[in-house]
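Work through the exercises below with the sequence and the model at hand. Each task is followed by its solution.

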Amino acid sequence: ADYDAFTGTIGVQWEPDADTNLYLRYSRGYKSGGWLGAGGLTPDPYADPEYVNSYEFGAKKTFGGRLQLNSALFYADYKGMQTPLTVSLGSITASRFENLDAEVWGFELESLWSPINNLQLLLNYGYLNTEITSGCCFVDVGDPFALASGARPSGPKLADGKQPQSLVGNQLPMSAQNKLTVGGTYSWDFSAGKLTASATYSFTDDQQSL
């Protein structure tokens, strides 16, 4: 097969003063089609190309040389996202590709504050919202008859009675909605050198598979 696409990035940047940087950026991404190259059982090894249109607006600002804030708001529209799934194949399971459409948007904030000399405090936060907007149909190996709470039956049953389901409305796999990191460092200066103590706490929200 042959695959090709036009990709690239275009953006504008504005620095109204030495301590401020604003930017707006658009990117077009692409991943060629292909196949699952494993030697195992693969009922449908082929995957179509994947495309993404990504938009980002960001701001970076320093206040008085003591506080630095970096923020970004982003949105991405995926068409044909290549996603490997584990599906039923008779009495066993196998891997196959699904080409899914999905939307992703979120916000990121990075902050670094030095209220006094030798002390630095940081706080980073990220919010991520993901949703599959088109993806059908597959048999869930954990719920092949679509009887579990929250199941989304779609289409006719298969010859063996198993019920395919839709992925629409699910989050993308391993995409935590909230991430938070807080920490700080303090340094003591001595004639022989410097001693620095640091502490960091990180939190990652729940994640799910397909």
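**Exercise 1.** Is F107 buried, partly exposed or exposed?

Solution. The model is predicted, with local features needing pLDDT of at least 70 and side-chain atom pairs pLDDT 80 or more, while totals for chains, interfaces and linings use all residues. Residues are numbered from 1 along each chain as its sequence is written, and side-chain values use heavy atoms, without hydrogens and water.
- Apply the classes: buried is under 20% relative accessible area, exposed over 50%, partly exposed in between (1.4 Å probe, protein chains only).
- F107 has a relative accessible area of 31%, so F107 is partly exposed.

**Exercise 2.** Classify N118 and A146 by phi, location and accessibility.

Solution. 
- N118, not a glycine, has a positive phi of about 75 degrees, and A146, also a residue other than glycine, has phi near 55 degrees.
- N118 is in the loop between strand 7 and strand 8; A146 is in the loop between strand 9 (136–138) and strand 10 (165–166).
- N118 is partly exposed, because its relative accessible area is 34%.
- A146 counts as buried, because its relative accessibility is 11%.

**Exercise 3.** How do the residues of the lining of the largest pocket divide into nonpolar, polar and charged?

Solution. 
- Ala, Val, Leu, Ile, Met, Phe, Trp, Tyr, Cys and Pro count as nonpolar, Asp, Glu, Lys and Arg as charged, and the others, Gly among them, as polar.
- The lining holds ten nonpolar, six polar and three charged residues.
- Strand 8 gives the largest share, five residues.

Key
Helix = DSSP H or I, 4+ residues; strand = E, 2+ residues; numbered from the N terminus.
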